[in-house]
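This report goes through a structure of two chains, from overall make-up to selected details. Please keep the sequence and the coordinates at hand while reading.

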Amino acid sequence: MDRLLLLLPTTTYRTEDFLDAARTLGVDIVCASEKPSTFEAHAPDHLLTLDFTDPDAAAAKVAELAGRRPLNGVVGVDDLTTVAAAAIAERLGLRSSAVAAVTAARDKYQMRQCLAAAGVPIPRFRRIALKDDPFLAARGVAFPCVLKPLALSASRGVIRANNVDQFIAAFRRIAALLQRDDVEVSGDAAQFLLAEQYLPGVEVALEGLLVGGTLHPLALFDKPDPLEGPFFEETIYITPSRLPADVQQAIERVTATACAGLGLGEGPVHAELRVNDAGPWVLEVAARSIGGLCSRTLRFGTGMTLEEIILRHALGWPIASLARERRPAGVMMIPIPRAGRLHAVHGTEAAAAVAGIEEVAITAHVGQEVVPLPEGWQYLGFVFARADTPDAVEAALRDAHARLAFEIR
Amino acid sequence: MSDDLKTKVQDLIDTMINPAVAGHGGFVELIDVQDNRVYLQMGGGCQGCGAADITLKSGIERLIKEELPEVAEVLDTTDHSSGTNPYYSAGKA
């Protein structure tokens, strides 16, 4: 039986779907988290504590384990684990992109430098030290612009500024965010932010799999809600995209060039792009799969999940088909409307009863402190739909969301 | 046979599983054993915890199967969305 190491932060939404995939494939799984499991002493060959922020130390610790019981693959399930997973793979000779490439993809400034060098269309950008005077820093920026931390994800800390006053406010808000107890950044990510040109246009997300340096697009998602700021909360994802075929092809080409420019060659990628009259512009390329529970919208071939594809790829197993099912599908990430403590959730049965709705998953728990963007990073839950057309999927998601009520006090 | 197995599983829960998960404020209850399938419910810090699946599959199920090889599967019947004090909470990345 093949044996695979999954890097699963204790804060990830992705655990259940990856463990289900491993079970379906009959793979022997070793789970590593950044904090110890209550059962680690009982199962030292299957449960591991790794410092994901120290990839070399993580690789050394896993090499010791693999010396006793070899591993055939390693997968980092989200942003917090991609570099450690690549370091482990490199140490053990397993399938992965190079550490340098994954590291560049984790740092928005390094990423943009690589993409610019590769001729990929990206917004103009500047890195600014947090110790700088924001008033002076704003002088070198054209408006409107977008300020963002170098290493956070899920639109956390991403703020649009239309003038100097808004720039200074956003700058200070990001600096304060990086000081929060629930933010773990170090090095450049703790000392700089990125300011980049705001690009008008629609936004899309491309999910892909890199095999031997070739990008295989798995799904292109439309994001029908306008993302114009001041914060950039992602809500609805719908696939297939309703954009014209030639635009979709251009998105795929640009994403493939971006992956090559970063040096990414193996494994899942999740890219975010803006599209306007000038064509597609790359905003982000992450060396991981789609976040949250959103992958549940995707089925491939005869019903394979995205996680099964990722595990098969990591293990070097054959993948019968990378073709997504034809039926349109979508997800709504339920945003947090205001800060407070979740007191009650109403309307889940009514939401689930909407035609086309497959699942309403409330992931926030009663009593939980909820924090909206730009400081927050969680969702209240996820709504999933399938229907005959992308428009019908979108309508179902909006109808279901309208039936949900969250008491936040 | 099932009652005998149920007793053995309950003994494991009492002596090994609950003392372990208690470290995170959690507990596990045996709901039933049917056709060599063990049905459990998780509570306290385990209910809704972001690492509950890891605890169940890599910890509890592995332990039960090692001690009681006749067990085919361990299934979680917990309503994790109703957990009010999970030890770890998930966030998107």
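Helices, of at least four residues, and strands, of at least two, are DSSP runs numbered from the N terminus. Counted in that way, the secondary structure of chain B amounts to two helices and three strands. The structure is a predicted model, and the values below are computed from it.

## Chain B

Read from the N terminus, the elements of chain B follow the order α-β-β-α-β. The radius of gyration of chain B is 13 Å, close to the 12 Å that the globule rule gives for 93 residues, so chain B is as compact as a globular protein of that length. The C-alpha trace of chain B extends over about 45 × 20 × 20 Å along its principal axes.

Of the 93 residues in chain B, 42% count as buried.

## Chain A

Chain A contains twelve helices and 19 strands. Its radius of gyration is 21 Å, which agrees with the value near 22 Å that a compact globule of 409 residues would have. Along the principal axes, the C-alpha trace of chain A spans about 60 × 50 × 50 Å.

Buried residues account for 52% of the 409 residues of chain A. Among the contacts in chain A between residues at least 6 apart in sequence, 68% link residues at least 24 apart.

## Packing of α2 and α3 in chain A

In chain A, helix α2 (residues 55-68) packs on helix α3 (residues 82-92) at an angle of about 45°, and the two axes are 8 Å apart. That angle makes α2(A) oblique to α3(A), and the crossing of α2(A) with α3(A) is right-handed.

On the side of α2(A), the contact is made by A:Pro55, A:Asp56, A:Ala58, A:Ala59, A:Val62, A:Ala63 and A:Ala66, while α3(A) supplies A:Val83, A:Ala84, A:Ala87, A:Ile88, A:Arg91 and A:Leu92. Sorted by class, this contact of α2(A) with α3(A) has eleven nonpolar and two charged residues, and no polar ones.

## Two phenylalanines in helix α7

A:Phe167 lies in helix α7 (residues 164-177) of chain A, and A:Phe171 also has its place in helix α7 of chain A. Are these side chains' positions buried or exposed? The cut-off for a buried residue is 20 or more other C-beta atoms within 10 Å of its own. A:Phe167 counts as buried because it has 25 C-beta neighbours inside 10 Å, and A:Phe171 counts as buried because it has 23.

Leaving aside neighbours within four places in sequence, A:Phe167 is in contact with A:Pro134, A:Ala138, A:Val141 and A:Ala161. With residues up to four places away likewise not counted, A:Phe171 touches A:Pro134, A:Ala137, A:Leu147 and A:Leu193. The C-alpha atoms of A:Phe167 and A:Leu147, which are 20 residues apart along the chain, are separated by 7.8 Å, whereas those of A:Phe171 and A:Val74, 97 residues apart along the chain, are separated by 37 Å.

## Contact between the chains

The contact between the chains takes 34 residues from chain A and 26 residues from chain B. On the side of chain A that touches chain B, the elements giving two or more residues are α1 (15-25) and β2 (28-33) of chain A. By class, that side of chain A has 14 nonpolar, 17 polar and three charged residues.

Methods. Residues numbered from 1 in each chain as written. Chains lettered and ligands numbered in written order. Predicted model: local features only at pLDDT ≥ 70, side-chain atom pairs only at ≥ 80, totals over all residues. Contact = placed C-beta atoms within 7 Å. Nonpolar A, V, L, I, M, F, W, Y, C, P; charged D, E, K, R; others polar. Rg over C-alpha atoms; globule rule 2.2 N^0.38 Å. Buried ≥ 20, exposed ≤ 12 C-beta atoms within 10 Å, placed from the backbone. Axes fitted to C-alpha atoms, helices over the stretch in contact; angles between N-to-C directions. Parallel < 35°, antiparallel > 145°, perpendicular 65-115°, else oblique. Left-handed = near helix turned anticlockwise from the far one by under 90°.
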